[in-house]
Amino acid sequence: MIFPRPLFILTLALFLAAAPLHAQRLSALSPAPDWSRLEAFQETITHDEFVRLLDRVYAPNGATKGVIDVQPDVAVIKTTLTPPAEFRLRFAKDAASAKSAPRFWRTPAQLGPAPEGQPLAGLKIALDPGHIGGEWAKMEERYFQIGESRPVTEGDMTLRVAKMLVPKLQVLGAQVSLVRDTTEPVTKERPDTLREAARGELAKEGILAPKENYDGMNDPARGSTVQAQSELLFYRISEIRQRAALVNTQLKPDLVVCLHFNAEGWGDPQHPDFVPRNHLHVIVNGCFSAGELHFDDQRLEMLENLLSGIFPEELAASDHVANALAAATKLPPYAYTTGNAVHAAENPYVWARNLLANRLYHAPVVFLEPYVMNSELVWERVQAGDYEGELMIGGEMRRSIYREYADAVVEGLRDYYTKARATQPAVPK
């Protein structure tokens with residue numbers, strides 16, 4: 001779900017962008033980056049392809065100025081800004097001589113032809129149900145309720161869709177794993193264990209003597225409290241970092257599908273409002289800002305994503321799933337009006353944006369944002385729960401929103417891998 005950023009997060013970003021640059025400038029809870037990992041990517045990409053991906057997808061509008069200097073034979077990459085240190089990435093002379101980039105995931109060509117009726121045979125898919133849900137839904141602000149109606153909790157809804165997807169994808173031959181299978185956090189951290197880190201983040205914002213706790217969700221000073229900051233670090237940062245560790249070190253999938261429902265600001269949590277809009281979009285990794293690339297960890301993570309060859313596969317899979325969801329839901333594409341996303345290709349539903357999950361996962365990610373939960377129609381569909389067949393909702397016969405979502409994802413993946421594996425020759429593993 002995409003929400004407008006809370007004011008304190010925006011203030012923090014602006015403060016850090018203007019702050020003096022120091023060695024090891026890191027995002028919240030990030031370990032120190034290991035720049036030696038880029039050695040494995042020497043001579044794996046040509047100059048022209050590197051520049052094309054930077055300018056078109058990963059760092060448009062000159063976002064790499066001052067941190068990556070692209071020369072004819074090498075890219076000179078700042079590993080720290082103060083004191084200055086650098087890494088030199090050598091380009092391949094041409095595409096024919098480019099070395100293979102290291103990665104654990106496989107393309108459709110590497111999977112080879114599939115048995116008839118099983119286009120996903122051998123494909124390893126990790127399903128990542130967005131957010132946590134359950135008792136954590138209110139804390140993570142993925143909960144709203146109209147009167148005494150059924151609460152809308154995104155983390156529970158995404159998990160329901162994920163569990164529906166497992167057998168449907170397995171029938172098509174996929175090996176499916178769930179990044180989470182309950183409404184419990186993957187991370188072992190909790191807000192109370194992150195309070196010291198929260199104080200550190202607030203100090204970066206210039207809040208040196210923060211209030212410890214807030215007085216309810218509508219407390220105007222809530223965002224600058226240790227409690228709110230520690231909760232944010234828990235569910236938005238630590239949780240995703242732990243999921244990334246699971247994906248990258250244990251599951252090692254060929255594709256990650258991040259399941260979300262979207263929403264727009266609903267105002268007072270105690271008296272939420274409906275919005276008239278309902279839309280759909282799919283996100284691939286990209287569109288790093290200059291401010292984001294001044295963080296050492298994000299600079300390295302962007303380069304690893306680019307050099308691993310993730311974007312072409314991520315875009316192709318996302319394009320097919322976006323089209324299937326658009327056909328099933330009949331929703332219009334969401335259009336960003338801010339500078340934190342760009343169109344990844346011609347498909348109006350697919351946008352490139354720098355999110356923590358699609359930045360940290362070392363495999364292609366299809367990041368889905370269908371439906372606006374606090375539009376009245378979607379709310380009514382959530383109230384109806386899951387059911388077989390169709391019900392009259394909003395003046396039209398409609399399927400269960402969960403089954404519609406799951407079946408569209410299956411259709412998109414079926415379509416993509418059927419075409420990709422039929423037209424690409426197998427290559428040695």
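This is a predicted model: local features need pLDDT of at least 70, side-chain atom pairs count only at pLDDT 80 or more; totals for chains, interfaces and linings use all residues.

Start by selecting Arg403 and Asp386: their side chains meet in a salt bridge, 2.8 Å from N to O. Arg403 lies in helix H11 and Asp386 in the loop between helix H10 (376–384) and strand S13 (391–393), so the pair ties together parts that are 17 residues apart in sequence. Arg403 is partly exposed at 27% relative accessibility, and Asp386 is partly exposed too, at 31%.

Stay on helix H11 (residues 401–423) and pick Asp407, whose partner Lys168 sits in helix H4 (residues 154–171), 239 residues apart.

Next, select Glu141 and Arg222, another salt bridge, with 3.1 Å between the closest N and O atoms. Which of the two is buried or partly exposed? Arg222 is buried, at 15% relative accessible area, while Glu141 counts as partly exposed at 27%.

Now hop over to the sheet. Colour S1, S2 and S3: these strands form an open, antiparallel sheet in that order. Strand S1 (68–70) and strand S3 (85–90) are at the edges with a single partner strand each, so one side of each has no neighbour in the sheet. Click Ile68, and you'll find Ile77 of S2 opposite.

Last stop: show helix H2 (residues 47–58), which lies across S1, S2 and S3 and runs at about 135° to S1. Helix H7 (residues 296–307) also packs on the sheet, touching S1, S2 and S3.

How values were computed. Residues are numbered from 1 along each chain as its sequence is written. Side-chain values use heavy atoms; hydrogens and water are left out. Two strands pair if DSSP finds at least two bridges between them. Helices (H or I, at least four residues) and strands (E, at least two) are DSSP runs, numbered from the N terminus. Contact means heavy atoms within 4.5 Å. Axes are lines fitted to C-alpha atoms, for helices over the stretch in contact, and angles run from 0 to 180 degrees between N-to-C directions. A salt bridge is a side-chain nitrogen of Lys or Arg within 4 Å of a carboxyl oxygen of Asp or Glu. Buried means under 20% relative accessible area, exposed over 50%, partly exposed in between (1.4 Å probe, protein chains only).
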